[in-house]
Structures are given as C-alpha cells and as structure tokens.
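Here's a protein model to pick over together. Have a look first, then we'll go through some questions.

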Amino acid sequence: MMTTTTTQQNEAETELPKKVYYTVGEVALALGESESCIRFWGKEFASFVKPHRNKKETRLFTPRDISTLRSIRYLLREKGLTIAGARESLAAARRSKQAPEQTDICDTSLAVKAEVICRLQDIRERLLLIEKYL
C-alpha cells in the first residue's frame with residue numbers, strides 16, 4: 001500500500017520554472033505538500049531553511065531551500081523519521097561536507113535518492129500489475 005501513496009505524491013509533484021525566488025504556494029505545489037506544512041517545516045528546520053522575506057513579509061524560497069525541503073520531505077515521509085531525527089540527519093549531512101563548494105551536493109543527495117526510490121516503487125507497482133495479467 002505504501003507504493004500507492006508514494007505514486008500519488010510523485011504525481012502531485014511538479015517541476016518549478018527557473019527563478020531566483022519561489023513563493024510558499026509554488027514550493028507546496030512542487031513538493032506535493034500543503035502550504036501550512038511548508039511553513040511548519042520552515043519554522044521547525046529554521047537552521048536549514050531560511051526563506052527571504054519581501055516588504056509584505058511573504059516567504060520567498062531559493063532553489064537551495066527547496067532542495068533542503070525535498071530532503072526534509074524524504075526524511076519525514078519516506079524514511080519515517082521524527083522531526084528531531086530529521087534534524088539530526090540534516091546536521092550530520094551538513095557536518096560531513098568537506099568543502100563549502102559542495103553545499104548543494106549534500107542537500108540534494110537525499111532528494112535525488114527519494115526521487116529514485118519513488119520511480120523504482122512506481123516501476124514495481126507497474127510490474128505487479130503486468131504480472132496479474134500474465
């Protein structure tokens with residue numbers, strides 16, 4: 001049953017256009033989460049996600065913030081970690097960085113792994129459907 005949920009989340013995700021800043025709504029749509037969830041994660045993981053604010057105090061996320069939010073989503077939704085466990089995992093990933101130039105590599109590695117897992121689970125689901133017809 002887990003693969004159905006993962007497939008639905010994967011279908012809910014959308015590609016973001018190339019921009020410098022994204023609104024909470026755009027990020028929520030891209031991750032397949034609610035806007036309130038994105039705001040909550042922003043508060044809970046404030047040392048990792050630091051959205052900018054415009055004059056209206058609207059949160060504006062950078063592509064790096066979105067990458068971190070994808071990692072958070074993977075840790076919480078796919079791996080089933082608690083918020084404290086996800087914080088520890090992100091902190092460990094941050095500490096293991098060897099050079100400042102590699103900051104995006106560690107942040108996106110979890111997101112890439114999550115995407116691969118989602119695709120593999122979708123393929124497995126399709127193969128099981130094919131097996132039923134054979």
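This is a predicted model: local features need pLDDT of at least 70, side-chain atom pairs count only at pLDDT 80 or more; totals for chains, interfaces and linings use all residues.

Q: How many aromatic pairs does a search of the whole structure find?
A: Ring pairing needs centres within 6.5 Å. With the whole structure searched, the number of aromatic pairs comes to 0.

Q: Why do the buried residues of H2 sit on the same side of the helix?
A: Helix H2 spans residues 24-31, and its buried residues are Val24, Val27, Ala28, Ala30 and Leu31. They sit on the same side of H2 because the arc they cover around the axis is only 165°.

Q: What covers the buried residues of H2?
A: Val24 and Leu31 are among those buried residues. Their cover has to come from elsewhere in the chain, and what it includes is helix H3 (35-44), strand S2 (59-60) and helix H4 (63-78).

Q: Which residue has a positive phi although it is not a glycine?
A: Gly32, which follows H2, has a positive phi near 75°, but that one is a glycine. The residue we want is in the loop between strand S1 (52-53) and S2, and has a phi of about 70°.

Q: Are Glu33 and Arg73, which meet in a salt bridge, buried or exposed?
A: Their side chains meet at 3.6 Å, N to O. The pair links distant parts of the chain, with Glu33 in the loop between H2 and H3 and Arg73 in helix H4, 40 residues apart. Buried means under 20% relative accessible area. Glu33 is at 14% and Arg73 at 6%, so under that cut-off both count as buried.

Q: What separates Arg39 and Glu35 along helix H3?
A: The side chains of Arg39 and Glu35 form a salt bridge, 3.2 Å from N to O. Arg39 is partly exposed at 30%, and Glu35 is partly exposed at 38%. Because they are 4 residues apart in helix H3, what separates them is about one helical turn.

Q: How far apart are the closest N and O atoms of Glu26 and Lys19?
A: Glu26 is partly exposed, with a relative accessible area of 24%, and Lys19 is partly exposed at 35%. They form a salt bridge, and the closest N and O atoms are apart by 2.6 Å.

Technical notes:
Residues are numbered from 1 along each chain as its sequence is written. Side-chain values use heavy atoms; hydrogens and water are left out. Buried means under 20% relative accessible area, exposed over 50%, partly exposed in between (1.4 Å probe, protein chains only). Helices (H or I, at least four residues) and strands (E, at least two) are DSSP runs, numbered from the N terminus. The arc is that of the directions from the helix axis to the C-beta atoms. Contact means heavy atoms within 4.5 Å. Rings of Phe, Tyr and Trp (its six-membered ring) pair if their centres lie within 6.5 Å; planes under 30 degrees apart count as stacked, over 60 as edge-to-face and the rest as tilted. A salt bridge is a side-chain nitrogen of Lys or Arg within 4 Å of a carboxyl oxygen of Asp or Glu.
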